[in-house]
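This briefing sets out the fold, the metal site and the side-chain packing of one protein. Please consult the sequence and the structure alongside the text.

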Amino acid sequence: MAKRKALTEDPLIRKAEEVEHLREFVEKTSFAGDEQEVSGELSAGVDQHPADFADVTEQRGRDYAIKQLLEQEAEQIQDAMRRKAEGRYGICEECGQKIPKARLKARPEATLCINCQRRFEAV
Ligand SMILES: [Zn+2]
């Protein structure tokens, strides 16, 4: 009997796994592979040019930016998980309103409602 790894229904956990996976991938392709030529597959979403030296430098900068972004995202997810454990998940950090389900579906790590997020980003 094949034992299948249970697919979690929790979008937050799924997202956490996804981000973790991406982080590992970026780690492997960009930093561990510093000395050797990075071949073939690179991070999803990064368009790739035939590598000459300038491109490699640029690529590394981009990898770094991606890594930072992923770390930020991982932090947000951790935060959301903590909130979930405390029973505060899905409630806006700023105004205390419920965050709409549709938003949580799109961004399970969101801790702000759209209005507050907008205000936050506008600053
Ligand atoms: Zn709010």
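Predicted model: local features only at pLDDT ≥ 70, side-chain atom pairs only at ≥ 80, totals over all residues.

Residues are numbered from 1 along each chain as its sequence is written, and side-chain values use heavy atoms, with hydrogens and water left out. The protein has four helices and zero strands, helices (H or I) being DSSP runs of at least four residues and strands (E) of at least two, numbered from the N terminus.

**Overall architecture**

- From the N terminus on, the order of elements is α-α-α-α.
- Of the 123 residues in the protein, 26% are buried (under 20% relative accessible area; exposed is over 50% and partly exposed in between, with a 1.4 Å probe and protein chains only).
- Among contacts (heavy atoms within 4.5 Å) with a separation of 6 or more, 44% join residues 24 or more positions apart.

**Zinc site**

- The zinc ion has as its protein donors the SG atoms of Cys92, Cys95, Cys113 and Cys116, at 2.2 to 2.3 Å. Donors are N, O and S atoms within 2.8 Å of the metal (3.2 Å for Na, K and Ca); water is not among the atoms, so sites may look incomplete.
- The arrangement is tetrahedral because the angles subtended by the four donor atoms are 105 to 115°; the criterion for four donors is that all angles lie between 85 and 135 degrees.
- Along the chain, the donors follow the spacing C-x2-C-x17-C-x2-C.
- Cys95, in the loop between α2 (53-85) and α3 (101-106), and Cys113, in the loop between α3 and α4 (114-122), are 18 residues apart and link distant parts of the chain.
- Cys95 is partly exposed, at 37% relative accessibility, whereas Cys113 is buried, at 8%.

**Nonpolar cores**

- The largest nonpolar core consists of eight residues: Leu12, Ala16, Val19, Val26, Leu70, Ala74, Ile77 and Ala80. Such a core is a set of buried Ala, Val, Leu, Ile, Met, Phe, Trp, Tyr and Cys residues joined through side-chain atoms within 4.5 Å.
- Both α1 (11-32) and α2 supply at least two residues each to this core.
- Ile77 is in contact with Leu12, Lys15, Ala16, Val19 and Glu109, neighbours within four places in sequence being left aside.
- Another core, of six residues, lies apart from the largest one; its members include the zinc donors Cys92 and Cys116, as well as Ile99 and Leu112.

Notes. Tetrahedral: all angles 85-135°; square planar, octahedral: opposite > 155°, others 65-115°.
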